[in-house]
Amino acid sequence: IIDPDMEFREALASHLRSCGYGVETCGNLDEGMAQAAHANFDLILVENALPQSMALTVLPTLQACQSHPCILLMSQDPGIALVRTALKEGAFDFLIKPLTLTQVEKSIAAGLENRQAFLAVCHLSRDLQEANQQLRKTNQQLSEQQRLLETERDCTLPLLE
């Protein structure tokens, strides 16, 4: 959870821990970015009205983390244009404060489920690429064997005539 409001951040973290989630918190975007770069987070919940920078500008950096975390943004009165842009840029959800715990829990559960599906597709895509590469290699080997057999056949045919 990246949120400058310590009271909100710690209350939310406490609730999520009671739900069984492992939670790390920080109050500023720089610290949150540093944590994300060195940890394998499944999900990152970011307050969009952080003083240093809008979280929207760091979406690509957060999404590029090795663990491919699901990104949830939250803000009070963000405006439709900002929410639309955030979702187009890859945020999974944009929660509007004040939040209910049920709303946060549902969004987190859906985001984690979406992330699992995304990771499964990534693994399948990687497996498919590897299989295609192996097929290309096998096809090259078969083509070479066919060429050698044809050369051998062409060399033996004149002797039989």
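Predicted model: local features only at pLDDT ≥ 70, side-chain atom pairs only at ≥ 80, totals over all residues.
E2 and E3 (residues 93–97) run parallel and are joined by five bridges; strands pair if DSSP finds at least two bridges between them. Five bridges also join E2 to E1 (residues 43–47), again parallel, and Ile 44 has Ile 71 of E2 as its partner. Six of the seven residues of E2 (residues 70–76) are buried, so this strand is largely enclosed by the rest of the structure. Buried means under 20% relative accessible area, exposed over 50%, and partly exposed in between (1.4 Å probe, protein chains only).

## Helix H1

Arg 9, Leu 12, Ala 13, His 15 and Leu 16 are the buried residues of H1. They cover an arc of only 165° around the axis, which puts them on the same side of H1; the arc is that of the directions from the helix axis to the C-beta atoms. Met 6, Glu 7 and Ser 18 are exposed on the other side. Just after H1, Gly 20 takes a positive phi of about 100°.

## Basis

Residues are numbered from 1 along each chain as its sequence is written, and side-chain values use heavy atoms, leaving out hydrogens and water. Local features need pLDDT of at least 70 and side-chain atom pairs count only at pLDDT 80 or more, while totals for chains, interfaces and linings use all residues.

Definitions and conventions. Helix = DSSP H or I, 4+ residues; strand = E, 2+ residues; numbered from the N terminus.
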